[in-house]
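Student: I have a structure on my screen and would like to learn how to read it. Could you walk me through some features with me?

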Amino acid sequence: MTAVFVLTATSVFSALFPVGVGIGTIRRLKLEMRFLVGLFIFAALVEGITFYQALSSGGSHLAHYIYAPVEYALLIYVFSFWQENGIVRRAIRISIPIYILICLADMNMEKGLNSLNVLTRSLANIIYVLVASYTMLMLLRKDSGSIYRDFRFWIASGVLLYSSGSLAYFTLHNLMPSDILLVVWYIHNGLNITANLMYAAAFLCQYRQ
Amino acid sequence: MNILLIVLGLTVVFTVLAASVIAAVLLHSKRMRESERRFRLLFDSVFDAILLLDENRGIVDANQSFCNLVGYEKKELLARPLDDLVVRERWPALREEFGRNLTSGIGFLGETVLVDKSGKVVYAELGGKGIRLNGSTYLLASFRDIGRRIEAENALRKKNTAMSELLTHLEEEKMKYRLQIARLIEETIMPIVNRLANPDGSLSVAQCEALKKGLKDLAISSGGMVYALGKLTPREVEICNLLKSGKSTKGVAETLNLSKMTVDKYRQNIRRKLVITSKEVNLASFLKNSR
């Protein structure tokens with residue numbers, strides 16, 4: 001259990017990397033990156049709340065239900081900033097209210113807030129993977145050899161890695177017994193730490209530009 | 001156990017896939033970087049100065065040769081309009097060429113005058129061509145420093161002018177000599193010819209001699225001097241040169257280790273061969289004045 005606790009705590013506290021770097025560099029950040037700083041502050045808060053709930057063995061999944069649409073709205077809006085194709089940009093932005101409606105409908109389902117919002121999280125993860133992959137391809141087309149200096153690359157990489165790695169975890173969450181869940185939890189936390197480091201790298205890249 | 005394997009398998013597969021995509025992107029970017037470095041090396045190493053201009057003639061990229069040509073750092077040139085670097089009176093024609101070229105896409109060649117950072121004028125041969133890149137139109141312009149060629153041309157032009165002046169002067173001299181000959185014939189020869197025949201129809205010996213002398217004088221004054229000098233012996237020519245340089249008879253005798261009498265004899269021969277009959281004419285002065 002100690003290993004799980006250490007890993008989870010590290011994962012939770014890793015959310016502070018992008019927050020710290022983002023706040024430290026906020027003066028030189030572009031508008032969309034400032035949105036991301038807001039998102040990461042919110043994510044760190046939700047991580048903290050869920051970690052506290054896990055320690056006190058109580059509470060509902062309300063934080064997750066609120067976090068999912070906020071994360072989707074902010075993250076997808078930021079990705080829409082970077083799209084050069086007008087149709088893709090509009091399609092991405094239109095998906096935000098649709099997703100929020102799905103989230104609201106999911107909250108009012110019979111199961112209530114006692115189980116994790118696997119449907120909306122899985123759906124969001126699939127869209128994140130698609131959007132991040134498309135963005136990566138777009139960046140690659142325009143790349144002249146310095147993609148690793150592009151903050152968009154690091155954000156897209158973090159989102160792609162975390163979302164694809166967590167897809168199975170969220171999709172099959174409610175079907176898994178808790179002992180199995182624990183094993184997958186290790187991987188999920190590892191991905192979370194890696195993604196947070198990538199987000200922090202993105203802020204540093206933008207700062208240097 | 002089965003569900004664990006499925007979830008683990010899916011998680012690992014998705015994670016590996018995502019990581020592979022990221023790694024592939026980074027690898028591709030690294031190759032692009034190497035390619036870009038190679039291209040940059042070529043771009044900066046060519047002798048011609050190359051510029052990439054946008055539709056408003058703003059400098060998008062410049063190679064090292066162009067920076068050297070105009071004396072600016074690359075960062076000083078970027079986003080700056082080319083208009084700033086072209087001599088004002090040359091600019092309207094060049095702008096017209098650029099505009100025409102961007103729309104037609106046909107390359108052009110010409111000459112232009114740039115101004116470098118220190119304000120010095122730089123003569124350059126210019127070639128331009130409109131190109132499409134990432135959906136935008138750019139103008140690729142290459143410049144070659146022709147300053148040395150222009151300098152050589154100017155020097156040659158100056159020499160041509162000098163040569164032309166010299167030829168005009170020669171023509172004038174020639175005309176002067178022709179007039180002098182005509183005057184000599186009119187004043188010296190024609191009166192003798194008129195008196196040549198005696199009333200009995202025979203020729204006057206005295207007048208014939210006078211005519212002979214007049215013709216010799218004429219021959220000498222119209223370039224016959226060279227012919228006359230050609231009849232001198234090498235020793236006589238040597239003495240002539242010493243006399244021309246200002247040496248006296250005594251000086252010539254000492255220089256050539258001859259007696260004064262011998263030199264006098266040489267002088268008489270020279271006078272005879274050069275047909276200097278008048279005793280009033282000094283040989284040294286005559287030689288100095290003759291060309």
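Tutor: Gladly! Let's begin with contacts: two residues are in contact if their C-beta atoms, placed from the backbone, lie within 7 Å. This is a predicted model, where local features need pLDDT of at least 70 and side-chain atom pairs count only at pLDDT 80 or more, while totals for chains, interfaces and linings use all residues. Residues are numbered from 1 along each chain as its sequence is written, and chains are lettered from A and ligands numbered from 1 in the order in which they are written.

Student: How many residues of chain A are in contact with chain B?

Tutor: On chain A there are 25, and they meet 20 residues of chain B. Helices are DSSP runs (H or I, at least four residues), numbered from the N terminus. α6 (118-142), α7 (151-171) and α8 (178-208) of chain A each give two or more residues to this side, and α7(A) gives the most, with eight.

Student: Which classes of residue make up that side of chain A?

Tutor: Ala, Val, Leu, Ile, Met, Phe, Trp, Tyr, Cys and Pro count as nonpolar, Asp, Glu, Lys and Arg as charged, and the others, Gly among them, as polar. Here the side of chain A that touches chain B has 17 nonpolar, seven polar and one charged residues.

Student: And how do I read a nonpolar core?

Tutor: In soluble globular proteins, nonpolar side chains tend to be buried together. A core is a set of buried Ala, Val, Leu, Ile, Met, Phe, Trp, Tyr and Cys residues joined through C-beta atoms within 7 Å; buried means 20 or more other C-beta atoms within 10 Å of a residue's own, exposed 12 or fewer, and partly exposed in between. The largest core has 55 residues, of which A:F40, A:A132, A:V159, A:L160 and A:A202 touch the most other members. α7(A) gives the most to this core, with 13 residues.

Student: Which residues does A:V159 contact, leaving aside neighbours within four places in sequence?

Tutor: A:V159 is in contact with A:L75, A:Y128 and A:A132. A second, separate core of 19 residues includes B:L69, B:V70, B:L139 and B:A141.

Student: What should I look for in a backbone angle?

Tutor: Most residues other than glycine have a negative phi, and most peptide bonds are trans. B:N257 is not a glycine, yet has a positive phi of about 60 degrees. B:N257 sits in the loop between α8 (249-256) and α9 of chain B.

Student: Is B:N257 buried or exposed?

Tutor: B:N257 counts as exposed, because it has 6 C-beta neighbours inside 10 Å.
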